[in-house]
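These are my notebook entries on a structure that I went through element by element.

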Amino acid sequence: MQVIIANVNVNGIRAAERKGFGQWLAQAQPDVLLMQEVRAPESVAREIVGSDYCTWIHPSVIAGRAGVAVAVKAGIQVEQVRSGLSVGQDGWLEELPDGGASDGDSSGEGAPSSLDAAQSVLAEPETVQTPLYMRVAQEEVPVDSGRWLEVDLPDALGQGHGVTLISAYLHSGVASSAEKMSAKYTHLQRVSERLKELSQPHQRPLEHVLMAGDFNIVHTQEDITNWKGNHNKTAGVLDDEIAYLDRWFGELGFVDVQRALTGDAQVAYTWWSNRGKAFDNNVGWRIDYQIVDPALAQLARTQRVDRAQSYEQRWSDHAPLVVTYGL
């Protein structure tokens with residue numbers, strides 16, 4: 001059994017839809033799609049993704065900002081959804097029964113709860129299990145909202161190989177702003193604490209874990225065209241930021257799947273500035289990742305970046321990373 005997992009920062013799903021997101025989705029047909037910077041109410045984003053998928057969204061409480069989503073093809077079992085970033089069992093609000101609603105799970109624009117919506121879009125409820133319950137993180141500051149969503153697929157790869165999926169949108173930061181960098185480092189520390197939990201097999205909800213999204217950090221010189229011009233000058237290329245990735249890929253044991261499949265050579269970028277002719281000249285950054293536990297990394301078969309053929313054909317300033325996993 002094989003499963004195709006894709007992740008992309010859509011840079012506003014409504015704008016992406018107008019520019020060709022739907023055509024890409026129909027062609028790529030991922031089994032799971034993890035999105036960042038959705039920047040739309042739940043009901044709108046869910047409609048754009050379409051009824052072939054059961055979609056959960058963690059919107060930002062700040063209008064027009066952030067927002068992450070996980071879309072799972074109908075027919076794939078979903079066991080639990082956790083909205084927001086939390087650490088430890090005490091960090092979550094009470095479990096919610098199917099059909100329940102939570103103030104923390106509303107877009108603020110009259111959208112239904114994620115569990116209600118999940119039930120409404122499943123064409124064959126007899127063959128698809130909606131989440132048993134949802135949890136919502138407590139005490140998430142507004143600037144951190146819409147950046148972390150966990151979804152458990154108990155049989156994602158068949159034969160009982162369950163995967164906890166995480167759609168993550170990490171702070172971008174601004175090197176010249178102490179306030180924004182402080183917010184970024186605080187968030188990165190919380191991410192590290194959650195990943196430390198998930199790095200321990202006995203603390204994972206399921207056998208495997210996959211965190212994917214826009215990390216807004218390059219890891220090595222091979223992940224950016226202009227290393228010298230940006231290193232320790234631009235957010236995303238600061239040694240203090242890179243140290244977090246070093247820890248995730250070192251001490252915590254997570255594997256950068258794209259890098260593992262391609263080796264040490266320079267690989268396909270996932271983001272290009274809109275300034276000048278960065279896209280045309282492939283002056284890019286690799287800041288979108290899929291990172292997994294070592295056992296799941298052994299099941300990664302292929303990877304690709306769906307870079308548009310031309311600047312005019314782009315529907316986001318990021319390109320999707322698509323990875324196939326199989327037994």
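Which strands does helix α3 lie across? I looked this up and found that helix α3 (residues 42–49) lies across β2, β3 and β4, and that it runs at about 150° to β3. Helices (H or I, at least four residues) and strands (E, at least two) are here DSSP runs, numbered from the N terminus, and the angles, from 0 to 180 degrees, are taken between N-to-C directions of lines fitted to C-alpha atoms, for helices over the stretch in contact.

I note that this is a predicted model, in which local features need pLDDT of at least 70 and side-chain atom pairs count only at pLDDT 80 or more, while totals for chains, interfaces and linings use all residues. Residues are numbered from 1 along each chain as its sequence is written, and side-chain values use heavy atoms, with hydrogens and water left out.

**Sheet.** I traced an open sheet of 6 strands in the order β3-β4-β2-β1-β15-β14, with mixed pairing, where two strands pair if DSSP finds at least two bridges between them. Its edge strands, β3 (53–58) and β14 (300–305), each pair on one side only. Within the sheet, β2 (residues 32–36) and β4 (residues 68–73) run antiparallel and are joined by 5 bridges; M35 has A69 in β4 as its bridge partner. I then found helix α2 (residues 21–28) packed on the sheet, touching β1 (2–9), β2, β3, β14 and β15 (321–326), with its direction at about 155° to that of β2; contact means heavy atoms within 4.5 Å.

**Cores.** I took a nonpolar core as a set of buried Ala, Val, Leu, Ile, Met, Phe, Trp, Tyr and Cys residues joined through side-chain atoms within 4.5 Å, buried meaning under 20% relative accessible area with a 1.4 Å probe, protein chains only. The largest has 38 residues, and I5, V70 and L153 are among those with the most contacts inside it. Apart from it lies another core, of 29 residues, including L195 and W285.

**Spaces.** For a cavity, I used a set of points on a 1 Å grid over the protein atoms alone where a 1.4 Å probe fits but cannot get out; a pocket is an open set with protein on both sides within 12 Å along at least five of seven lines, and lining residues have an atom within 4 Å of a point. The largest cavity holds about 60 Å³, and I5, L165 and Y325 are among its lining residues. The largest pocket holds about 950 Å³; of its 35 lining residues, Y169, S172, G173, V174 and N216 lie nearest its centre.

Terms used. Buried < 20%, exposed > 50% of the residue type's maximum accessible area, 1.4 Å probe, protein only. Points joined across faces, edges and corners; volume = space filled by probe spheres on them.
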